[in-house]
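Here is a short briefing to read beside your sequence and structure. Please keep the 3D view open as you go.

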Amino acid sequence: MLILLILPFQGIAQTEHIRKSIYFPGGQYYITPYQLETLREFLDSIPDLHHYSITIHSHTDNIGGVSYNQWLSQMRSTTTINELLNNNGILLEAIEQKDFGQFNPVYDNSTPQGRQMNRRVDIVFWPISL
């Protein structure tokens, strides 16, 4: 089951960020056509997209080894960055990548639900002061 979380940005003050998360099945790093469509719609809805810097935070659950999860985290980031660069006018220079692998989990990895929520990439849009 794939989950796509979109946090609303209407009424956000200039100092706040916008975050979108993409969730992945265990051991996978590809973005499904549905997720891609939703990501593109989300990006299209952000006014002045080029006025943001972007940070990619990728995560995995704790299943598998440390090295494998670090690789998987990097692959999830790379796939996400490639989609951001395609057809969105986003420049690579505007993107910072942080791959956490299985470390720094937000959710409890001792439960199936927590592991599912930790298998994600968070795309964080930070307003650039003009």
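This is a predicted model: local features need pLDDT of at least 70, side-chain atom pairs count only at pLDDT 80 or more; totals for chains, interfaces and linings use all residues.

Residues are numbered from 1 along each chain as its sequence is written, and side-chain values use heavy atoms, with hydrogens and water left out.

**Confidence**
- The chain has an average pLDDT (the predictor's confidence in each residue, from 0 to 100) of 88, and 87% of the residues score at least 70.
- Over residues 1-14 the pLDDT stays under 50, and the model has 34 contacts (heavy atoms within 4.5 Å) for them beyond four places in sequence.

**The nonpolar core**
- A nonpolar core here is a set of buried Ala, Val, Leu, Ile, Met, Phe, Trp, Tyr and Cys residues joined through side-chain atoms within 4.5 Å; buried means under 20% relative accessible area, exposed over 50%, and partly exposed in between (1.4 Å probe, protein chains only).
- The largest such core holds 20 residues, and those touching the most other members are Leu43, Ile54, Ile56, Leu84, Ile123 and Phe125.
- At least two core residues come from each of strand 2 (18-23), helix 1, strand 3, helix 2 (66-85) and strand 5 (120-127); helices (H or I, at least four residues) and strands (E, at least two) are DSSP runs, numbered from the N terminus.
- Helix 1 gives the largest share of this core, four residues.
- Beyond its neighbours within four places in sequence, Leu84 contacts Leu43, Ile54, Ile56, Ile90, Ile95 and Ile123.
- In soluble globular proteins, nonpolar side chains tend to be buried together.

**Strand 3 and its partners**
- Seven of the eight residues in strand 3 are buried, leaving the strand mostly covered.
- Strands pair if DSSP finds at least two bridges between them; strand 3 and strand 5 run antiparallel, joined by seven bridges.
- Ser53 stands opposite Trp126 in strand 5.
- Strand 3 pairs with strand 4 in the parallel sense over six bridges, and Thr55 has Glu96 in strand 4 as its bridge partner.

**Two positive phi angles**
- Most residues other than glycine have a negative phi.
- Asp48, which is not a glycine, has a positive phi of about 55°; this residue is in the loop between helix 1 (33-44) and strand 3 (52-59).
- Asp48 is partly exposed, at a relative accessible area of 47%.
- Asn104, also not a glycine, has a positive phi of about 65° and lies in the loop between strand 4 (95-101) and helix 3 (112-118).
- Asn104 counts as partly exposed, at 47% relative accessibility.
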